[in-house]
Amino acid sequence: TEIGRSMGVTRQAAQKRFVTKDEPAPGANQDFSRFTPRARSVVVASQNKAREGGHTQIGTGHLVLGLLDDPEGVAAQVLVAQGVPLETVAEAVAEALPEPSGEPVPDLVPFDAQAKKALELTFREGLRLGHNYVGTEHVLLALLEQENGEGVLSGLGLDKTSTEEHVSAALAAIREKLQD
């Protein structure tokens, strides 16, 4: 509901937009409840970053900054595992963000079209990997998918295929730890 509000749409409209046609109709537990607490924190952090930066919309850069807020998240760990320091990502994103608009920032900063699309892709990435949840790793993969080789993350030498391999390895390591 909070994500829908920040996007400027109802919960039902958000569900319709983010649930693919081949999925069953969404039930009470098939909306944003699939976001892990860390993934929800990314969304909240991205809104805070946009607000702090004086931006009236949340962009994909803000989502990336939200990922960096949790260095223990899978996405942040995967970035570091690929040799890209989180500070380097933050600097590159900060340079790419637009100047503040000078307009008053709303309490609930809405997502721009690109950030909405990235959120839509997070669900698809989770489903594609056979996961019934959306984690920070899915947000990262969705951002790379959306960039399609032409964005801040790609400019840092990251690509979706390699990142997905690192995500699989990180998740396997987590599963192994849990079994011990």
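Where is Asn 148 found? Asn 148 is in the loop between helix 8 (136-147) and helix 9 (152-155). The legends below refer to a predicted model.

**View 1. Asn 148 and its loop.** Helix 8 covers residues 136-147, helix 9 covers residues 152-155, and Asn 148 lies in the loop between them. The phi angle of Asn 148 is near 50°. That is a positive value, and the residue is not glycine. Is Asn 148 buried or exposed? Asn 148 is exposed, because its relative accessible area is 64% and the cut-off for exposed is over 50%.

**View 2. Helices of the protein.** How many helices and strands does the protein have? The model contains 10 helices and 0 strands. Along the sequence the pattern reads α-α-α-α-α-α-α-α-α-α. Of the contacts with a separation of 6 or more, 67% join residues 24 or more positions apart.

**View 3. Surface and interior.** The protein has 180 residues, and 45% of them are buried.

**View 4. Confidence and residues 20-30.** The average pLDDT of the protein is 86. A score of at least 70 is reached by 83% of the residues. Over residues 20-30, pLDDT is below 50. This stretch has 13 contacts in the model beyond near neighbours in sequence. Where pLDDT is low, predicted coordinates should not be read in detail.

Conventions:
Residues are numbered from 1 along each chain as its sequence is written. This is a predicted model: local features need pLDDT of at least 70, side-chain atom pairs count only at pLDDT 80 or more; totals for chains, interfaces and linings use all residues. Side-chain values use heavy atoms; hydrogens and water are left out. pLDDT is the predictor's confidence in each residue, from 0 to 100. Contact means heavy atoms within 4.5 Å. Helices (H or I, at least four residues) and strands (E, at least two) are DSSP runs, numbered from the N terminus. Buried means under 20% relative accessible area, exposed over 50%, partly exposed in between (1.4 Å probe, protein chains only).
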